[in-house]
Amino acid sequence: MPLPPLPERGASPPPATRARLPSVPLFPAVALAVCALGAALGGAGETRAAARSWPDLPPARVTTTRSGAEMDKDKEYRVKAALLFNFLKYATFPDGTFGDADPKKPDPIVVLVVGDDPFGPTLEKALGKKKVGGRRIEIVRRKTPPEKVDAHLVFASKLPKKAVDALIDATHERPCILIGEAKNFAKRGGFINFYTSKGKIRFEVNTRRQEDTGISLAAQVLKLARVVEGDPLPRKKRGGVQR
C-alpha cells in the first residue's frame with residue numbers, strides 16, 4: 001500500500017475536524033414556569049420529580065436582532081401569563097366576592113388587561129380553557145382604566161402615572177389582584193409587580209394589599225416573592241365585587 005505524499009515544505013497541516021454535537025431543544029419557558037411554581041407550592045410527587053428533571057428557567061434577555069427580540073418577548077409573556085394563572089390558583093378571595101346567583105353556574109373570574117396588551121393570544125391559551133375553583137376565566141381588555149373595576153385580577157401595561165394612580169384607587173379595598181411591571185409599582189399601591197433579576201422574571205408582593213383587599217396568597221407563594229411593604233393608602237368604604 002503506497003504511503004501518502006509528504007506535505008510540501010512550509011505547508012500548514014490540515015485542520016482537525018470536530019464532531020458536531022446534536023442540538024438539544026429548550027423546554028418551553030411557560031412549562032418551566034408552571035412546573036417551578038407548582039413544585040415550590042408543594043405539588044404532587046410527580047410534579048416535583050418533573051421539576052428536578054427540567055433545567056432552570058432560561059434567562060429572558062432581549063437579543064440584538066428584531067426577530068430574536070420578538071421571540072424573547074413572546075417567551076417573557078408566556079411565562080407571565082402562566083404566573084397570572086398560578087396567582088389566581090393560589091389566592092383565597094374573601095367571602096361575598098362572587099354573587100353566584102345560579103349555584104349551577106358559578107360567576108367567572110374576570111381578568112382585565114388595561115393599556116397596550118402585551119400578551120395577545122397567549123393569554124387565552126394560558127387561561128381561556130382553564131378553571132379555578134370550578135370557575136371559568138373571562139378575559140377583558142381596555143385601553144384606559146374603568147371608573148369602576150369589577151375584575152378579580154387586573155394587569156396594568158405601560159400606563160402613565162395618572163392612569164396607574166386611577167387603577168390603584170379603583171382597586172383599593174376591593175377583592176382584586178392588581179399586577180404591574182413598572183419600577184415601584186408594588187410600593188405605590190399595586191398588589192404584585194414583575195421585575196427582572198439576572199435576566200430572569202421575578203415578582204414582588206405588597207403585603208399591605210393583602211390586608212386592604214382581603215385576598216390572601218399562599219405562604220409558599222410569598223416565599224418565592226420579594227416582599228415589600230407598600231405605602232399606606234386612605235381607607236375607603238367599598239363593598240365586594242358587584243356584577
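A salt bridge here is a side-chain nitrogen of Lys or Arg within 4 Å of a carboxyl oxygen of Asp or Glu. All views show a predicted model.

**View 1. Arg174, a buried charge without a salt bridge.** Arg174 sits in the loop between helix 5 (161–171) and strand 6 (177–180). The nearest side chain of opposite charge is Asp150, 7.2 Å away. That distance is not within 4 Å, so the pair does not count as a salt bridge. The Arg174 side chain instead reaches the backbone oxygen of Val149 at 3.1 Å.

**View 2. Lys80 and Glu181 in a salt bridge.** Their closest N and O atoms are 2.6 Å apart. The pair links distant parts of the chain, 101 residues apart. Lys80 belongs to helix 3 (residues 66–89), Glu181 to the loop between strand 6 and helix 6 (185–188). Lys80 is buried at 5% relative accessible area; Glu181 is partly exposed at 23%.

**View 3. Lys161 and Asp165 within helix 5.** The two form a salt bridge, with closest N and O atoms 2.9 Å apart. They are 4 residues apart, so about one helical turn separates them. Lys161 is exposed, with a relative accessible area of 55%. Asp165 is partly exposed, at 32%.

**View 4. Arg136 and Glu138 in a salt bridge.** The N to O distance is 3.8 Å. Arg136 is partly exposed, with 42% relative accessible area. Glu138 is also partly exposed, at 26%. The structure holds 14 salt bridges.

**View 5. Asp212 in helix 7 (residues 207–213).** Asp212 is buried, with a relative accessible area of 16%. Its C-alpha lies 9.8 Å from that of Phe191, 21 residues apart in sequence.

Notes: Residues are numbered from 1 along each chain as its sequence is written. This is a predicted model: local features need pLDDT of at least 70, side-chain atom pairs count only at pLDDT 80 or more; totals for chains, interfaces and linings use all residues. Side-chain values use heavy atoms; hydrogens and water are left out. Helices (H or I, at least four residues) and strands (E, at least two) are DSSP runs, numbered from the N terminus. Buried means under 20% relative accessible area, exposed over 50%, partly exposed in between (1.4 Å probe, protein chains only). Lys and Arg count as positive and Asp and Glu as negative; His and the chain ends are not counted. A polar contact is a pair of N or O atoms within 3.5 Å; within protein, one must be able to donate a hydrogen and the other to accept it, and residues adjacent in sequence count only if both atoms are side-chain atoms.
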